[in-house]
Amino acid sequence: MEAAFDIQEYMTRGVERIVKDALRATLRNPRESAYMARFAAASKKASGKRAAMEKKGEHIPPFLIASITSSCNLHCEGCYSRHNHATTDDAPVSQLTDQEWQKVFEEADDLGVSFILLAGGEPLLRHKVIEAAGEKKNILFPVFTNGTFMNKRYYDLFDRCRNIIPIMSIEGEKEITDTRRGAGVYDKLMANMDELMKRGLIFGASVTVTTENYQEVSSESFIRKLSEKGCKAVIFVEFVPVNEDSAGLAPGDEEREYLSAETDRLRREHPEMVFVSFPGDEKSSGGCIAAGRGFFHINSHGGAEPCPFSPFSDTNVRDTSLREAMRSDLFRSMIDGGLLTDDHKGGCVLFEKREQILEMQKKQPVLPQRMAE
């Protein structure tokens with residue numbers, strides 16, 4: 001009889017691998033290596049805290065994703081955040097305050113959360129929130145940014161707070177990056193990388209993988225260029241369709257198998273870098289890890305959602321604790337109902353099952369959250 005999948009063990013192994021790879025990637029940078037060694041100790045302690053709570057029947061995910069603003073200066077083609085009205089051109093209304101985000105970070109630290117991915121919109125528009133993150137040294141904060149607002153003030157902040165890691169979005173080489181993100185973005189990213197490397201600061205790249213660029217972004221020439229610029233982490237994020245018209249851009253089985261094989265190769269041949277693929281092969285990893293299994297998402301208005309790609313919520317961190325938000329009735333329905341581990345065509349199960357999730361949400365008492373919902 002096949003052993004039951006242990007999500008706590010699986011996530012703990014994943015965290016340990018990322019930390020181990022990060023330590024290895026920073027060996028030639030004394031300041032970064034010293035911080036990563038301290039973080040490794042903090043991460044191990046946090047993992048023990050989560051394991052102790054697991055034995056008591058309470059699961060705490062090691063990751064959070066926090067979209068700290070609904071504002072962005074770019075209009076990237078196929079952006080799920082704009083399609084879901086999580087990012088708009090209107091002035092932000094009723095977003096979580098700097099102090100409310102600080103409270104979320106403090107609660108996460110107490111619970112043993114090791115990673116909080118800061119996103120948006122464009123997160124660098126919330127400088128005080130980024131500063132608050134820098135004070136929580138036990139948590140690593142990758143900041144997913146389009147890079148256009150990076151300047152001396154941020155370079156100095158990254159230097160002072162080594163737990164904040166800028167992760168710049170890039171689509172591949174210059175032509176495909178500027179086509180999706182706007183003219184001049186690629187050159188700005190290259191300039192940022194040069195400045196970060198000159199200062200000895202660690203940074204990474206986030207790559208949206210589509211059927212159009214999956215070979216280019218995993219190619220040796222592209223990865224070598226990033227490595228030579230000083231990039232220490234590459235996060236491959238599979239494109240999730242915003243509607244049926246864009247479904248053709250989502251990687252299928254063939255593209256995912258290619259990317260998986262290339263990611264394994266890159267991990268062997270580029271020990272100086274960390275490679276993460278999201279969502280990866282959900283079937284081999286026990287299903288989708290959203291909705292609190294491995295992480296969940298907090299939108300800019302405080303709504304606790306399964307994932308940025310699944311903008312449904314019945315709980316707001318303004319009205320309850322982070323710990324209670326993790327016990328969301330919607331999350332429990334998705335997990336206990338087997339939706340996250342259900343058979344699907346491949347890729348993102350949340351996109352494929354979005355109508356079922358919407359029906360689950362309708363059955364829950366909805367609290368105030370995102371203004372556009």
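Q: Which residue meets Glu107 in a salt bridge through its side chain?
A: This is a predicted model, in which local features need pLDDT of at least 70 and side-chain atom pairs count only at pLDDT 80 or more, while totals for chains, interfaces and linings use all residues. Residues are numbered from 1 along each chain as its sequence is written, and side-chain values use heavy atoms, leaving out hydrogens and water. A salt bridge here is a side-chain nitrogen of Lys or Arg within 4 Å of a carboxyl oxygen of Asp or Glu. At 2.7 Å, N to O, the side chain that meets Glu107 in this way is that of Lys103.

Q: Where do Glu107 and Lys103 lie?
A: Helices (H or I, at least four residues) and strands (E, at least two) are DSSP runs, numbered from the N terminus. Glu107 and Lys103 are four residues apart, about one turn of the helix, and both lie in helix 4 (residues 98-111).

Q: Does Glu107 count as buried or exposed?
A: Buried means under 20% relative accessible area, exposed over 50% and partly exposed in between, with a 1.4 Å probe and protein chains only. Because its relative accessibility is 19%, Glu107 counts as buried.

Q: Which residue forms a salt bridge with Arg24?
A: Arg24 counts as partly exposed because its relative accessibility is 37%. The closest N and O atoms are 3.3 Å apart, and the partner is Asp21.

Q: Which residues are linked with Glu195 in a network of salt bridges?
A: Glu195 forms a salt bridge with Lys198, the closest N and O atoms being 3.3 Å apart, and both lie in helix 8, three residues apart. Glu195 is buried, whereas Lys198, at 66% relative accessibility, counts as exposed. The network links Glu195 with Lys152, Asp156, Lys198 and Arg199.

Q: Which elements do the buried residues of helix 8 pack against?
A: Helix 8 (residues 185-198) reaches 20 Å from its first C-alpha to its last, close to the 20 Å expected, where the expected span is 1.5 Å times one less than the number of residues. Its buried residues include Val185, Tyr186, Leu189 and Met190. They pack against helix 6 (152-160), strand 4 (164-169), helix 7 (174-181) and helix 10 (220-228).

Q: How many residues does the largest nonpolar core have?
A: Such a core is a set of buried Ala, Val, Leu, Ile, Met, Phe, Trp, Tyr and Cys residues joined through side-chain atoms within 4.5 Å. Those with the most contacts inside the largest one are Phe105, Ile116, Leu118, Phe236, Leu322 and Leu350, and its residues number 105. The largest share of this core comes from helix 8, with six residues. The total for the core is 105 residues.

Q: What relative accessible area does Phe296 have?
A: Phe296 is placed in the loop between strand 7 (274-278) and strand 8 (297-298). Not counting residues up to four places away in sequence, Phe296 touches several residues (contact meaning heavy atoms within 4.5 Å), among them Pro61, Phe63, Leu322 and Phe331. Phe296 is buried, with a relative accessible area of 0%.

Q: How far apart are the end C-alpha atoms of helix 2?
A: Buried residues of helix 2 include Tyr35, Phe39 and Arg50. At 1.5 Å a residue, its 26 residues should span 38 Å, which agrees with the distance between its end C-alpha atoms, 38 Å.
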